[in-house]
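I opened this notebook to record a search for aromatic ring pairs. The entries follow in the order of the look-ups.

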Amino acid sequence: MGDIQFEIEKEFGVLSTSSKAWSKELNLVSWNGGKAKYDIRDWSPAHEKMGKGVTLTQEEAEALYELLGKALGK
């Protein structure tokens, strides 16, 4: 398997930070030169390593936003 290429186009923020300084973040990421998607995953401090995560299209992110609003009563 080849190397995965990525570019973080926009950093929205950190959701949490572990005791080993890795942070769970919401970013807009382009994977292997593709269209950027919303991405939630753990990153090492300098973004050189990453954990498993989830990527969402614009439509999926909007659906998640609505579902979270309902779940949180907002």
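Which residues do ring pairs link into a cluster? I found that ring pairs join Phe6, Trp31 and Trp43 into a cluster.

I note that the model is predicted, with local features requiring pLDDT of at least 70, side-chain atom pairs counting only at pLDDT 80 or more, and totals for chains, interfaces and linings using all residues. Residues are numbered from 1 along each chain as its sequence is written, and side-chain values use heavy atoms, with hydrogens and water left out.

Rings of Phe, Tyr and Trp (its six-membered ring) pair if their centres lie within 6.5 Å; planes under 30 degrees apart count as stacked, over 60 as edge-to-face and the rest as tilted.

I looked up Phe6 and Trp31: their ring centres are 5.8 Å apart and the planes stand at 45°, so this pair is tilted. Phe6 belongs to strand β1 (residues 6-17) and Trp31 to strand β2 (residues 23-31), so the pair ties together parts 25 residues apart in sequence. Strands (E, at least two residues) are DSSP runs, numbered from the N terminus.

I then took Phe6 with Trp43: the centres are 5.2 Å apart and the planes at 55°, so this pair is also tilted. Trp43 lies in strand β3 (residues 37-43) and Phe6 in strand β1, so parts 37 residues apart in sequence are tied together.

I last checked accessibility, where buried means under 20% relative accessible area, exposed over 50% and partly exposed in between (1.4 Å probe, protein chains only). Phe6, at 30%, counts as partly exposed. Trp31 counts as buried at 19%, and Trp43 counts as buried at 0%.

Methods:
Helices (H or I, at least four residues) and strands (E, at least two) are DSSP runs, numbered from the N terminus.
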